[in-house]
Amino acid sequence: MSQEKFGCSEKKWTTDQSSSSNQECKTVRNTAKSRSFQYNLGPHVFKKSSSGWYYVRIVSASKCPQKKALSLIEAYVQPSKFVYYDFRHIQRKDEYSFFLDDFEVARKLFYSRGQIKTECHHTLLFLVTSTTPPFVTSGSNLKIIRSVIAHRYNPDSNTLDLSRFHDDPELLRADCLVPLDRPIVFRHICGIISSTLPDLKAINLNGNKIFNRDCLTMVAKAAPRLISVHLKNNNLKDIQTLSGLSALDLQELYLADNPFSEEPSEALSVADELMTLFPNLRKLDEVILESNNPKPVCTLPSPEPIFLSCNYAKLFTRVFVEKYFEVFDTICRQELALFYHEDVQFSLVAIDGKGKNAGISCLIKSSRNLKRVSDPNKQDSLLHKGKHNVMEFLNQFPYTKHDRSSFTCDCPVMTSSLIHLTVSGLYEQLSPAGSNRTGLYKQLSPWSSQRIFIAFNRAFVFIPDTSRKFAISNDQLFVTGATQEQYIRAFSSLNGLELMLHDGLDAKERQRRLNLIRELSLATGTELNVSEEALMQSGWDYECALDSFKRSKEEAHPREKMSPSSTRDEMSPNCTRDEMSPSCTRDEMSPS
């Protein structure tokens, strides 16, 4: 009995002990949880985001209207300014979400637990985390970005202000978040710059949280003539990040309020490294730099689009280039026979027709590239000898349209028995007109992505013929695909390589016209050569040219609908199926 009592008592004691132990453990856990909660509210827990961006979520969104939530937040974070980006209502999670770029505002919301309440005593609970904001690539977003860049470009000083780009009022009104620290966003921005502002002199990138060297490399490639770059208040942590700009001949650089420039003791070493990276740097922030080891000034002659050995060569070059290429660009080239000697020799050299050289793939079989053709018999067969054989080949050559403004001419030798002339530049390879009964070749729309531009170099050797007139005795043609910059400048006076034989414009008027071309190109989203053509047809009246583009867009709108059989090849790379502008359609005609 005593044993039973003892057993019973033992069992009861064990149960009581277990209950007491569980209660104690629960108390300890609650205490630990409370301490953990207090610890998480410590000032050292919430740190600055390495990207500078914060993602905020508000739970139980249905209990508080959007406008009410925003007004409560704005009142709570004062005196800090509350600026949010990409505000959304995620209904399936019953949450509001938005992005911040202000650390103080994000920190206040993080520590606001239980302090922000609605009139119905509902407490707003915020979940704040560091993040990298997304970017949605769509036709509408890219159109807004191009519009913002156009408004921020100053044609008079040829400068572009992209400071705090994500804060632009036009982007905020459209609820479009465009973080320039994202390489994908920067790639789109630089694509617009390279296609419309390749001669840009200065760019302001202050306050964009840029940290990636690749972004700076893209800037240098898009605008290779930059001499002034503003990079204040970004996230550049290493001086080597700036090596992405090393290809530029920078004279001014602004780097204040970046992590690597915050230590005063390192200011001198930073300046020395920058002088090594940019030898011609003259201004760092607000400090005028002086080189300790000044180099002797060596003035190089400015590049000229034409070099002539004598005054008579100018007349000869002008007449020959105008007449020869005028005939070469026609359907029937038979009149070119008048320029050739009876014993003329002609050869064509073309490199592999791949990638950017795909446009010359049709010429590879006729190419006498001695590095590729090793068989002596084939080398001899690819050398066209005699006027008859040369004319037969030229009549089979693809139809062309040469860009005279891109020509560079050299005539280093001109004697009574020999003339040597080289001509290099661009031409457009035209496409067959198909059912056109005249057999003509058509030029694709200026907005077409299928236009083929070829860079060429033509070497002519002239000797007197039997009638003692100079005729071509040797003609060598080298062709390759045009570079991106050549493609952008094709058929545009921005080439700056005119023969200067008929250019009667003064420097001020020429600069005014160049500014108009850039400004119209930005506003309409077209290539520089298309904008120049529209301005020429409008008598260099900017408003008239812009109205012409708008009318063309309205007239083309009914034709923008695509049939189900349409393919992506009928759209330019920068366009989507959701939004097609006139600059994306293949059958659109010129703005006039």
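1. The helices H6 (residues 183–196) and H7 (residues 213–222) have axes that come within 9 Å of each other and cross at roughly 10 degrees, where axes are lines fitted to C-alpha atoms, for helices over the stretch in contact, and angles run from 0 to 180 degrees between N-to-C directions. That crossing makes H6 roughly parallel to H7; angles under 35 degrees count as roughly parallel, over 145 as roughly antiparallel, 65 to 115 as roughly perpendicular and the rest as oblique. Helices (H or I, at least four residues) and strands (E, at least two) are DSSP runs, numbered from the N terminus. On the H6 side the residues that meet H7 are Pro 183, Phe 186, Arg 187, Cys 190, Ile 193 and Ser 194, and on the H7 side they are Cys 215, Met 218, Val 219 and Ala 222, with contact meaning heavy atoms within 4.5 Å. The residues of this contact divide into eight nonpolar, one polar and one charged, where Ala, Val, Leu, Ile, Met, Phe, Trp, Tyr, Cys and Pro count as nonpolar, Asp, Glu, Lys and Arg as charged, and the others, Gly among them, as polar.

2. The basis of the values should be kept in mind: this is a predicted model, in which local features need pLDDT of at least 70 and side-chain atom pairs count only at pLDDT 80 or more, while totals for chains, interfaces and linings use all residues. Residues are numbered from 1 along each chain as its sequence is written, and side-chain values use heavy atoms, with hydrogens and water left out.

3. As to the chain in general, there are 15 helices and 20 strands, and of its 592 residues 44% count as buried. Buried means under 20% relative accessible area, exposed over 50%, and partly exposed in between (1.4 Å probe, protein chains only). Among the contacts with a separation of 6 or more, 69% are accounted for by residues 24 or more positions apart.

4. The structure holds zero disulfides, a disulfide being a pair of cysteine sulfur atoms within 2.5 Å. Cys 215 is in no disulfide, and the nearest cysteine sulfur, that of Cys 190, is 7.7 Å away; Cys 215 counts as buried, at 0% relative accessibility. Cys 409 likewise counts as buried at 0% relative accessibility, and its sulfur is 9.4 Å from the closest cysteine sulfur, in Cys 411, which is too far for a bond.

5. The geometry of helix H4 (residues 139–152) can be checked against its length: at 1.5 Å a residue its 14 residues should span 20 Å, and its end C-alpha atoms are 20 Å apart, which agrees. The expected span is 1.5 Å times one less than the number of residues. Buried positions in H4 are Gly 139, Asn 141, Leu 142, Ile 144, Ile 145, Arg 146, Val 148, Ile 149 and Arg 152.

6. Some backbone torsions deserve a look, given that most residues other than glycine have a negative phi, and most peptide bonds are trans. The peptide bond from Gln 78 to Pro 79 is cis, with omega near 10 degrees, and Pro 79 has its place in the loop between H2 and strand S2 (85–90). Asp 86, in strand S2, has a positive phi near 55 degrees and counts as buried at 11% relative accessibility. Asp 94 also has a positive phi, of about 55 degrees, although it is not a glycine; Asp 94 lies in the loop between S2 and strand S3 (95–100) and is partly exposed, with a relative accessible area of 24%.

7. Phe 460, in strand S19 (residues 452–464), is buried, with a relative accessible area of 0%. Not counting residues up to four places away in sequence, Phe 460 touches Phe 320, Tyr 324, Ile 419, His 420, Leu 421, Val 423, Ile 472, Asn 474 and Asp 475. The C-alpha atoms of Phe 460 and Leu 477, 17 residues apart along the chain, are separated by 9.0 Å.

8. Glu 335 is found in the loop between helix H9 (311–328) and strand S13 (340–350), and is exposed, with a relative accessible area of 53%.
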